[in-house]
Amino acid sequence: MATLGKTWWGQRFIAALEGFTDSGRLQRGRAYSGDNRILAFAIADGRVSATVRGNVNPYFGVYKEPHYQTRIQMVQIPAKDWDKAITRLGSSAALIARLLMNEMPDTIDAAFADVKLHLLPRSRKDFALTDCSCPDGANPCKHIAGVYYRLAGQLDRDPFLLFELRGLSRARLNQALSATPLGKALAALTGDEAPPITAAESFFTRPRTGPAPLDYHAFWTGEHRLPGDIEPAVPAAVPAILVRKAGDFPAFWERDSSFVAVMEELYQRVREKNRDLL
């Protein structure tokens, strides 16, 4: 089974669960996080809902394979507090750059602490709802624990889900951060707001016309060359930028190692291999 909680924020999410949940129940819940157990999984309006396949258990009077409905919802951050958090995030180029690149900055906790908030869960109080239709009275039951682990895996791929779980849609977050001067600069750099493409009249150099005779030899042999002291273009500051924007640990990536890190290494090797040809 692939590791759940591959990113630091995914690991922090699981660590918070382990802090207030019986470790035995969590371990049993891992077996309920796969597709063979979770038949349906969705996140809407900050609430996680899942259909989990249970077991036949005559002790609880369950004689037919059941499908249990499980719900999880984190405590929502009020809108006025989100305004303060966005203002704080928008004041830092490093935070905006990482967030708009679909990455969770490792200083996010400190940024939220500056406005007396926290994004990642710390205790059971951060969960407003954990509910399952199974007959097990313990909370979390193994079905809820399985959905917890599935959610941790989803957070690995998409850290913006943390904001949604706290009550802020990714559309509003992106819009607010992109509207800041720093956000606009980054959007232009990454091509999100690239200027419209206009067709060129010609891709060929046109000889000058006029009363002076044309020197075709100089034109074709290129006697007027560019200065030799022009500083060469350096590689992009952020390698594999399009891959990074799509998020780490995509669904097709089964390995525990970072997909973005592998692609960054590939991009770097391509640059070094062809450097002499450019």
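Modeller: Let me begin with the aromatic pairs: rings of Phe, Tyr and Trp (its six-membered ring) pair if their centres lie within 6.5 Å, and planes under 30 degrees apart count as stacked, over 60 as edge-to-face and the rest as tilted. Trp82, Phe112, Phe160 and Phe163 form one aromatic cluster, and the structure holds seven aromatic pairs. This is a predicted model, in which local features need pLDDT of at least 70 and side-chain atom pairs count only at pLDDT 80 or more, while totals for chains, interfaces and linings use all residues. Residues are numbered from 1 along each chain as its sequence is written, and side-chain values use heavy atoms, with hydrogens and water left out.

Biologist: Why is the pair of Trp82 and Phe112 called edge-to-face?

Modeller: The ring centres of Trp82 and Phe112 are 5.9 Å apart, with 85 degrees between the planes; the pairing limit is 6.5 Å and edge-to-face begins over 60 degrees, so the name applies. This pair links distant parts of the chain, since Trp82 lies in helix α3 (residues 79-90) and Phe112 in helix α5 (residues 108-113), 30 residues apart. By contrast, Phe160 and Phe163 form a tilted pair, at 6.1 Å centre to centre and 40 degrees between the planes.

Biologist: What makes Thr130 buried or exposed?

Modeller: Buried means under 20% relative accessible area, exposed over 50% and partly exposed in between, with a 1.4 Å probe and protein chains only. Thr130 has a relative accessible area of 19%, and is therefore buried. Thr130 belongs to strand β4 (residues 127-132), where strands (E, at least two residues) and helices (H or I, at least four) are DSSP runs numbered from the N terminus. Leaving aside residues up to four places away in sequence, Thr130 touches Arg71, Ile72, Asn139, Ile144 and Tyr148, contact meaning heavy atoms within 4.5 Å.

Biologist: Why are α2 and α6 described as roughly perpendicular?

Modeller: Angles under 35 degrees count as roughly parallel, over 145 as roughly antiparallel, 65 to 115 as roughly perpendicular and the rest as oblique. Axes are lines fitted to C-alpha atoms, for helices over the stretch in contact, and angles run from 0 to 180 degrees between N-to-C directions. Helix α2 (residues 23-30) and helix α6 (residues 142-157) pack at about 70 degrees, with their axes 7 Å apart, and α2 and α6 are therefore roughly perpendicular to each other. The contact is made by Arg25, Leu26, Gln27, Arg28, Gly29 and Arg30 of α2 and Lys142, Ala145, Gly146 and Tyr149 of α6.

Biologist: What makes α4 oblique to α8?

Modeller: The axes of helix α4 (residues 93-100) and helix α8 (residues 170-178) come within 11 Å and cross at roughly 140 degrees, and that makes α4 oblique to α8. The contact is made by Ile96, Leu99 and Leu100 of α4 and Asn174, Leu177 and Ser178 of α8.

Biologist: How do you know that α3 is oblique to α8 as well?

Modeller: Helices α3 and α8 pack at an angle of about 45 degrees, with their axes 10 Å apart, which makes α3 oblique to α8. The contact is made by Ala79, Trp82, Asp83, Ile86, Leu89 and Gly90 of α3 and Arg172, Ala176 and Leu177 of α8.
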